[in-house]
Amino acid sequence: MPTREIIQHIGALLDLTGVLVIAVGVTVATVVFAARCGRTRQVVAHYRAYRQGVGRAILLGLEFLVGGDIIRTVAVSPTFTSVGVLALIVAVRTFLSFSLEVELDGRWPWQGKPPGAGT
């Protein structure tokens with residue numbers, strides 16, 4: 001099997017892993033949210049934790065998807081056009097990751113943790 005084909009398969013595997021991480025993470029967060037709401041009957045009290053669980057799943061999945069894009073673009077077809085498209089994809093996904101991180105933590109990444117916050 002040629003090296004190019006192996007690299008394509010690795011990139012596709014990373015893409016599949018990213019999609020599965022998002023799907024499983026959203027499913028687990030939804031099941032936990034439903035169980036908590038069913039137990040306490042307080043949807044609003046558990047909504048923030050649910051959004052954080054979904055956001056974390058999306059962040060982790062995006063990391064795998066970016067990895068797959070990088071491997072396929074750099075190792076298989078390193079043309080100026082493909083590298084430019086990769087840069088645009090990474091920029092968009094980085095913006096999404098940054099936005100989700102801010103929403104999950106409620107603060108900018110360069111701001112320190114509030115006093116008394118755990119690790």
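Q: How far apart are the end C-alpha atoms of α1?
A: This is a predicted model in which local features need pLDDT of at least 70 and side-chain atom pairs count only at pLDDT 80 or more, while totals for chains, interfaces and linings use all residues. Residues are numbered from 1 along each chain as its sequence is written, and side-chain values use heavy atoms, leaving out hydrogens and water. The expected span of a helix is 1.5 Å times one less than its number of residues, so the 38 residues of α1 should span 56 Å. The end C-alpha atoms of α1 agree with this, being apart by 55 Å.

Q: How many helices does the protein chain have?
A: Helices (H or I, at least four residues) and strands (E, at least two) are DSSP runs, numbered from the N terminus. The elements run α-α-α from that terminus. With zero strands, the secondary structure of the protein chain comes to a number of helices of three.

Q: Which element of the protein chain has the lowest mean pLDDT?
A: pLDDT is the predictor's confidence in each residue, from 0 to 100. The protein chain averages 85, and 94% of its residues score at least 70. Among the elements, α1 has the highest mean, 94, whereas the lowest, 81, belongs to helix α3 (residues 80-105).

Q: Which helix is included in what covers the buried residues of α1?
A: Buried means under 20% relative accessible area, exposed over 50%, and partly exposed in between (1.4 Å probe, protein chains only). In α1, the buried residues are I7, G11, D15, G18, G25, A29, F33 and C37. Their cover includes α2.

Q: Is Y50 buried or partly exposed?
A: The pair links distant parts of the chain, with F33 in helix α1 (residues 3-40) and Y50 in helix α2 (residues 43-75), 17 residues apart. F33 has a relative accessible area of 17% and is buried. Y50 has 22% relative accessibility and so counts as partly exposed.

Key
Contact = heavy atoms within 4.5 Å.
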